[in-house]
Amino acid sequence: MSSNVALSKSAICPGLFVPSIAQDGLLVRLRIPGGLLNVAQCEAIAALADDADSGFVEVTNRANIQIRGLQADVSIEALEHLQAVGLASPIAAVDALRNIMGSPTAGIDRQQLLDTRPLIAAWNEYLTTRPDFAVLSPKFSVCFDGGEAVSVRDRPNDISLVAEAIDHEILFRLHLNLGDRGDAPCDVGVLVKPQESLPLLSAIAEIYCDYTEQVLKIEKQRKPRLRDLLHDWGVELFLQQVVDRLPFSWQRSESPANTLLLNHYQHLGVHSQRQAGFSYMGVVLPLGRLETQQWRELTTLAARYSNGILRLTPWQNLLLTDIPTPKVAAVQAEIEQLGLYVSATHPHSAIVACSGLSGCKASATDTQENALTLANHLAEHLTLDRSINIHFSGCEKSCAQHHTSDIALLGIAQEGEATYQIYVGDDGSKFGRSLDKTCTFTQLPTVIEQIIRTYQAKRFHPNETFRAFVNRHEIAELKQLFNIAQVVS
Ligand code: SF4
């Protein structure tokens, strides 16, 4: 194996070479640049999952693969095989750097301006063969958005390059994360040509390396985030340093008015591709998990009906693509036989939970089991006509989802039955607006059903979203409308 770097197990940011220790064993995470996996890679992942007690392959909110419940380190032979199929970096020390994100519909999206897949592959190749980048925070993250309808521009990344059409030319607009953990990156008014994007990223990474080395001389432990550098220097000084390293100049331009309304679950279900006669299908993975056997069967399905590629999404589900349109019904039937769904409005489509008690000792509740029970209850008792994003978190850290959800359920540490604090809508805070109500898990399915039924009955019109509905009411009004006082404390 081509690594001579001494690595040790980590409590945070697990990778493939550096597992983290969780409640249920070792946890490894594999970077999947752009979320694209071929058949050989899917088979290698299944083989790795066979060694885990969990029995699951998990898709994370960065479109990584995660395997939990390993009782021993991944063997050298297995690591070498993963390197051979392109699932592990040639240099172990840079493998922990965050996955490179792209739209899961890159290259097939009818609305895209640019196919970002070659750029993602090229940046990955460059990043993972630069040993000096190992000094960077493992949270260093880059995203390419090619203007697809399935946009990733608001996903939390240090750097996003977002395609824009300007005067008949496609350019990338540079966005940098200037805010907090989980914030979307902000436009900093810089435009570059696609062929300039890699030199731009390289210049940024090199400046960030130099800064990190300086900081580490003073603070021996903590690696700074890119946003620490931006706060320290200010954006304009930073940009000046970057452009000074480039062999080209860039355009500066104010951001256009943003009228884009992002719908994060629109890729689920069946959609036509930009390639005539072909469709893609977004498959719901309950809580981002697939049993290893389901994973194998989906791989077989992709190989039989299309090009054998699975595309992971940062919404913890996946796409099968390049399906000849006449075969769509057969593929859908086989997916449903696997116990999976393809509808964006299925209650499982937008429920998110952190690892909870089984995987994390900080958790107050068994978020995963509780989330599955709630989704099953809603599937049995309700029909949704819009996706509603429900987020279970075992503590305030909110690992599973950094942005506000429609309904957030925060586990509370107390004796006896699992208890949750309920939040709805958006007020700029991490979880949203507190209903100032706690609720035991026995009560929760009925309460959430009641909340959703009220929204469906009282919304202005069928297109009013859950979030818009709750945001236009005061909390006191909502409590009255939801009429949950009798059920909860
Ligand atoms: S949100 Fe809290 S409980 Fe859940 S995985 Fe993260 S640290 Fe653990």
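Predicted model: local features only at pLDDT ≥ 70, side-chain atom pairs only at ≥ 80, totals over all residues.
The chain contains 13 helices and 21 strands. Its C-alpha trace spans about 65 × 55 × 50 Å along the principal axes. The radius of gyration is 23 Å. A compact globule of 489 residues would have a value near 23 Å, so the chain agrees with that expectation.

Packed helices are described by the angle between their axes and by the distance between those axes.

Helix 4 covers residues 197-218, and helix 5 covers residues 226-233. Their axes come within 10 Å and cross at roughly 80 degrees. Angles of 65 to 115 degrees count as roughly perpendicular, and helix 4 is therefore roughly perpendicular to helix 5. Helix 4 contributes Ile 204, Ile 207, Tyr 208 and Tyr 211 to the contact. These residues meet Leu 226, Asp 228, Leu 229, Asp 232 and Trp 233 of helix 5. By class, the contact of helix 4 with helix 5 holds 7 nonpolar and 2 charged residues, with no polar ones.

Helix 5 also packs against helix 6, which covers residues 235-245. Here the axes come within 6 Å, and the crossing angle is roughly 110 degrees. This angle makes helix 5 roughly perpendicular to helix 6. On the helix 5 side, the contact uses Leu 226, Leu 229, Leu 230 and Trp 233. Val 235, Leu 237, Phe 238 and Gln 241 of helix 6 meet them. The contact of helix 5 with helix 6 comprises 7 nonpolar residues and 1 polar residue, and no charged residue takes part. Leu 226, Leu 229 and Trp 233 of helix 5 face helix 4 and also meet helix 6.

The third pair lies further along the chain. Helix 10 (residues 367-381) and helix 11 (residues 444-458) have axes that come within 10 Å and cross at roughly 50 degrees. That angle makes helix 10 oblique to helix 11. The crossing is right-handed. Leu 374, His 377, Leu 378 and His 381 form the helix 10 side of the contact. The helix 11 side consists of Pro 445, Thr 446, Ile 448, Glu 449, Ile 452 and Arg 453. Together, the contact of helix 10 with helix 11 has 5 nonpolar, 3 polar and 2 charged residues.

The ligand is surrounded by residues from two stretches of the sequence. One includes Cys 354, Ser 355, Cys 360, Ala 362 and Ser 363. The other includes Ser 393, Gly 394, Cys 395, Lys 397, Ser 398 and Cys 399. The shell divides into 5 nonpolar, 5 polar and 1 charged residue.

Technical notes
Residues numbered from 1 in each chain as written. Heavy atoms only, no water. Near = heavy atom within 4 Å. Nonpolar A, V, L, I, M, F, W, Y, C, P; charged D, E, K, R; others polar. Axes fitted to C-alpha atoms, helices over the stretch in contact; angles between N-to-C directions. Helix = DSSP H or I, 4+ residues; strand = E, 2+ residues; numbered from the N terminus. Parallel < 35°, antiparallel > 145°, perpendicular 65-115°, else oblique. Left-handed = near helix turned anticlockwise from the far one by under 90°. Contact = heavy atoms within 4.5 Å. Rg over C-alpha atoms; globule rule 2.2 N^0.38 Å.
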